[in-house]
Amino acid sequence: MKSNTSRALGTLLLSLLAFSVAAEELMITNPWVRSAPPNAPALGVFMKLSNHSSDEIAVVEVRTSLEVSHAEMHRTVMTDGVMKMIPQKQIPVAAHSSTELKPGSWHIMLMQPEQVPVMGDSVHLTLVLSDGTEQMVVATVRKGEMKMDSHSHEMKMD
Ligand SMILES: [Cu+2]
């Protein structure tokens, strides 16, 4: 698989580097959690990951201070005309590129929340990166219909 190859290459490059500043080079913008009913079995988390370094960076684990069974990384893909969420081992962000976590695409899911946060709440997340560093994120709960970019007119699939 392509992702495995690039992951192996990324790991190799990182291990060859005497010093790595990958953590500072991954910029996270617009983190948000989609508001959900109190009995929701899972919460979707979205953000934009921008890699300003010359090495691939991958998110390999997600933790949260919210009481959940665990966090998963998902990618929604079209298979035989059906939208399916496929669990992922990592979310890769190519060198000098960005990966957008958004409805209908890459996203993080917080499984079986003890208490579903309400609109305006802050959810603290820790992203563990492929170089072993960790990055803190504070995501705000808001409506899924809200446009992430006022200049964007594309349809957003839920
Ligand atoms: Cu999902």
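Which residues of the largest nonpolar core touch the most other members? Of its 25 residues, these are Val33, Val45, Ala58, Val59, Leu129 and Ala139. A nonpolar core here is a set of buried Ala, Val, Leu, Ile, Met, Phe, Trp, Tyr and Cys residues joined through C-beta atoms within 7 Å. A residue is buried if 20 or more other C-beta atoms lie within 10 Å of its own, exposed if 12 or fewer, and partly exposed in between, with C-beta atoms placed from the backbone. Two or more residues each are given to this core by E1, strand E2 (42-51), E3, strand E4 (70-79), E6, strand E8 (106-111) and E9. E2 supplies the largest share, five residues. In soluble globular proteins, nonpolar side chains tend to be buried together.

The structure is a predicted model, in which local features need pLDDT of at least 70 and side-chain atom pairs count only at pLDDT 80 or more, while totals for chains, interfaces and linings use all residues. Residues are numbered from 1 along each chain as its sequence is written.

**Overall composition**

The chain has two helices and 10 strands, in the order α-α-β-β-β-β-β-β-β-β-β-β along the sequence. Helices (H or I, at least four residues) and strands (E, at least two) are DSSP runs, numbered from the N terminus. Of the 158 residues in the chain, 25% are buried. Among contacts between residues at least 6 apart in sequence, 71% join residues at least 24 apart. A contact is a pair of residues whose C-beta atoms, placed from the backbone, lie within 7 Å.

**Strand pairing**

Two strands pair if DSSP finds at least two bridges between them. The pairings described here are tabulated with their bridge counts.

| Strands | Sense | Bridges |
|---|---|---|
| E1 (residues 26-34) and E10 (residues 134-142) | parallel | three |
| E9 (residues 122-129) and E10 | antiparallel | seven |
| E3 (residues 57-64) and E6 (residues 91-93) | antiparallel | three |
| E3 and E9 | antiparallel | five |

E10 pairs with E1 in the parallel sense and with E9 in the antiparallel sense. E9 and E10 form a hairpin with four residues between them, and glycine 132 in the turn has a positive phi of about 90°.

E3 pairs with E6 and with E9. Alanine 58 stands opposite proline 92 in E6. Across from E9, valine 59 stands opposite leucine 129 and glutamate 61 opposite valine 128. Ala58, Val59 and Leu129 are among the core residues that touch the most other members.

Val123, Leu125, Leu127 and Leu129 form the covered face, whereas Ser122, His124, Thr126 and Val128 form the uncovered one.

**Individual residues**

Glutamine 88 lies in strand E5 (residues 82-88). Why does glutamine 88 count as partly exposed? Glutamine 88 is partly exposed because 18 other C-beta atoms lie within 10 Å. Not counting residues up to four places away in sequence, glutamine 88 touches Met73, His74 and Arg75. The C-alpha atoms of glutamine 88 and arginine 75 are separated by 6.8 Å, although these residues are 13 residues apart along the chain.

Two residues other than glycine have a positive phi and lie in loops. Histidine 96, in the loop between E6 and strand E7 (97-101), has a phi near 50°. This histidine 96 counts as partly exposed because it has 13 C-beta neighbours inside 10 Å. Glutamine 112 is in the loop between E8 and E9, with a phi near 45°. Glutamine 112 counts as exposed, because it has 12 C-beta neighbours inside 10 Å.

**Model confidence**

The mean pLDDT of the chain, where pLDDT is the predictor's confidence in each residue from 0 to 100, is 85, and 76% of the residues reach 70 or more. Among the elements of the chain, E6 has the highest mean pLDDT (98) and helix H2 (residues 22-25) the lowest (59). Over residues 17-23 the pLDDT stays under 50, and the model has 11 contacts beyond four places in sequence for them. Residues 146-158 have a pLDDT below 50, with 10 contacts in the model beyond near neighbours in sequence.

Notes:
Two residues are in contact if their C-beta atoms, placed from the backbone, lie within 7 Å.
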